[in-house]
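Please read the points below with the model open beside you. They go from single side-chain pairs to strands and then to the chain as a whole.

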Amino acid sequence: ILSGLVGSEMCIRDSLRAGLKAPGMQHAMASIPTPAGLPCGLQKSDYRNAMARLGAAVNIITTDGPAGRAGFTASAVCSVTDEPPTLLVCLNRSASVYPAFKANGVLCVNVLAAGHQSLSALFGGRTPMDARFAAGRWRRDATGSPMLEDAAVSFDCRVMHATSAGTHDVLFCEAVAIAIGGAAQGLIYFDRRYHEIAAPPH
């Protein structure tokens with residue numbers, strides 16, 4: 001689970017740059033020149049250690065369709081725009097779930113709430129798919145992708161397009177349905193550890 005989440009975090013910077021180049025996302029900033037004289041690059045281990053300090057929400061990304069049901073844990077998820085309502089999700093092309101997500105073309109971003117650490121670990125490891133889903137309560141909405149009933153919030157999406165960035169595909173996903181949980185609590189991954197957060201009472 002630790003390496004899986006760190007690997008997801010590594011995708012965020014390239015994802016944002018890739019989003020500027022994606023079809024329908026062109027902008028004047030997409031042609032930013034690369035300054036001359038910059039260092040050749042960072043060591044992978046140094047970059048991973050630095051990204052561990054970039055706290056992020058923990059999500060379980062699910063899909064279902066002709067290629068079957070699948071899900072994985074990810075922290076490389078962020079908003080792109082609210083018109084149309086679009087998120088991006090990073091998925092490693094070497095992941096066992098990659099073919100299902102690519103073929104189904106739909107997914108649900110289930111943002112985990114406090115207390116979901118064990119569920120995150122199941123979906124981030126090598127647990128068989130049926131056992132992963134057996135550990136949670138799910139329902140379906142517009143796309144048929146599994147929506148976690150006690151998630152902080154779920155975004156039911158169709159994948160509009162994708163682009164490659166290093167080892168990952170960046171999936172641009174339009175939200176077609178949203179389910180907001182009852183409690184304003186969340187689960188954050190920071191410094192290679194889980195941290196529960198909650199909104200203060202009004």
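Notes on the model

1. Arg93 is partly exposed, with a relative accessible area of 33%; partly exposed covers the range between buried, under 20% relative accessible area, and exposed, over 50% (1.4 Å probe, protein chains only). The model is a predicted one, in which local features need pLDDT of at least 70, side-chain atom pairs count only at pLDDT 80 or more, and totals for chains, interfaces and linings use all residues. Residues are numbered from 1 along each chain as its sequence is written, and side-chain values use heavy atoms, with hydrogens and water left out.

2. Which side chain meets that of Arg93 in a salt bridge? The partner is Asp169, at 3.0 Å from N to O; a salt bridge here is a side-chain nitrogen of Lys or Arg within 4 Å of a carboxyl oxygen of Asp or Glu. Helices (H or I, at least four residues) and strands (E, at least two) are DSSP runs, numbered from the N terminus. Asp169 itself is buried, at 9% relative accessibility.

3. A second salt bridge joins the side chains of Arg158 and Glu174, at 3.3 Å from N to O. Arg158 belongs to strand β9 (residues 153-165) and Glu174 to strand β10, so this pair ties together parts that are 16 residues apart in sequence.

4. Salt bridges with shared partners join Arg53, Asp191 and Arg193 into one network. Asp191 is partly exposed at 23% relative accessibility, and Arg193 is partly exposed at 47%. A search of the whole structure finds eight salt bridges.

5. How many residues of strand β6 (residues 106-111) are buried? The count is six of six, and the strand is mostly covered. Val106, Cys108 and Asn110 point one way from β6, and Leu107, Val109 and Val111 point the other way; all are buried.

6. The neighbours of β6 come next. Strand β2 (residues 59-63) pairs with β6 in the antiparallel sense over four bridges; two strands pair if DSSP finds at least two bridges between them. Cys108 in β6 stands opposite Thr62. β6 also pairs with β9 in the antiparallel sense, over six bridges. There, Asn110 has Ser154 in β9 as its bridge partner.

7. A separate point concerns an open sheet of three strands, in the order β1-β11-β12 with antiparallel pairing. Its edge strands are β1 (56-57) and β12 (193-198), each of which pairs on one side only. β1 pairs with strand β11 (residues 185-190) in the antiparallel sense over two bridges. Ala56 stands opposite Tyr189 in β11.

8. The whole structure holds five aromatic pairs; rings of Phe, Tyr and Trp (its six-membered ring) pair if their centres lie within 6.5 Å, with planes under 30 degrees apart counted as stacked, over 60 as edge-to-face and the rest as tilted. Tyr189 and Tyr194 form an edge-to-face pair, 5.2 Å centre to centre with 65° between the planes. Tyr189 is buried at 1% relative accessible area, whereas Tyr194 is partly exposed at 23%. Ring pairs also link Phe123, Phe133 and Trp138 into a cluster.

9. Chain totals close the note. The secondary structure of the protein chain comes to six helices and twelve strands. Of its 202 residues, 41% are buried. Among contacts (heavy atoms within 4.5 Å) with a separation of 6 or more in the protein chain, 67% are between residues 24 or more positions apart. The accessible surface of the protein chain comes to about 10600 Å², of which 56% belongs to carbon and sulfur atoms; accessible areas come from the Shrake-Rupley method with a 1.4 Å probe, and for residues only the protein chains shown count as cover.
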